[in-house]
Amino acid sequence: MKKLSDFKGVDGIVIGAKVLGVVMEMLSDQRNMAQKDETSTLKMFTGFMENSPDKMMEIFAILSEKEPSEYECDGAEAMTNMLLLANDPVIISLFTSQGRKRDAIASGSATESSAG
């Protein structure tokens, strides 16, 4: 499986659009909307895997350049893929477009310190 940033040019646009479509479907589920506020990226993606395993599998397939209906992986590969997603800042930003709680706290503290 590749990182989203590994896809360049038209391939990057097409793959990015496919992944974004799946992410939007996932975030239409209230359980996943609640997960995106996790302070731990690992907890966030673990929740996504538990709530929407079929959608996570679809993302794995897209980033592996395979058709979702033909893609299979075992538990070990699923964990490896999830860790790759959890360490990809582009993917994380798709799921947390408004930022997570700790990001909001950090940006607030910068504002407070500059007001001094």
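This is a predicted model: local features need pLDDT of at least 70, side-chain atom pairs count only at pLDDT 80 or more; totals for chains, interfaces and linings use all residues.
Phe45 and Phe48 sit three residues apart in helix H3, about one turn of the helix.

**The aromatic cluster**

Searching the whole structure turns up three aromatic pairs. Two of them are set out here, with the geometry of each.

| Pair | Centre to centre | Angle between planes | Type |
|---|---|---|---|
| Phe45 and Phe48 | 5.7 Å | 85° | edge-to-face |
| Phe45 and Phe95 | 5.3 Å | 80° | edge-to-face |

Phe45 belongs to helix H3 and Phe95 to helix H6, so their pair ties together parts that are 50 residues apart in sequence. Phe45, Phe48 and Phe95 form one aromatic cluster. How buried are its members? Phe45 has a relative accessible area of 0%, and Phe48 is also at 0% relative accessibility. Phe95 is buried as well.

**Helix H5 and its neighbours**

Helix H5 takes in residues 75-86, twelve residues in total, and spans 16 Å from its first C-alpha to its last, close to the 16 Å expected at 1.5 Å a residue. Its buried residues are Ala78, Asn81, Met82, Leu85 and Ala86. Viewed down the axis of H5, these buried residues fall within an arc of 140°, so they line one face of the helix. Ala76 and Thr80, on the other side of H5, are exposed.

What covers the buried residues of H5? The cover includes helix H3 (41-51), helix H4 (53-63) and helix H6 (89-95). At the start of H5, the backbone nitrogen of Ala76 has a side-chain oxygen of Asp74 within 3.2 Å.

Methods:
Residues are numbered from 1 along each chain as its sequence is written. Side-chain values use heavy atoms; hydrogens and water are left out. Helices (H or I, at least four residues) and strands (E, at least two) are DSSP runs, numbered from the N terminus. The expected span of a helix is 1.5 Å times one less than its number of residues. Buried means under 20% relative accessible area, exposed over 50%, partly exposed in between (1.4 Å probe, protein chains only). The arc is that of the directions from the helix axis to the C-beta atoms. Contact means heavy atoms within 4.5 Å. A polar contact is a pair of N or O atoms within 3.5 Å; within protein, one must be able to donate a hydrogen and the other to accept it, and residues adjacent in sequence count only if both atoms are side-chain atoms. Rings of Phe, Tyr and Trp (its six-membered ring) pair if their centres lie within 6.5 Å; planes under 30 degrees apart count as stacked, over 60 as edge-to-face and the rest as tilted.
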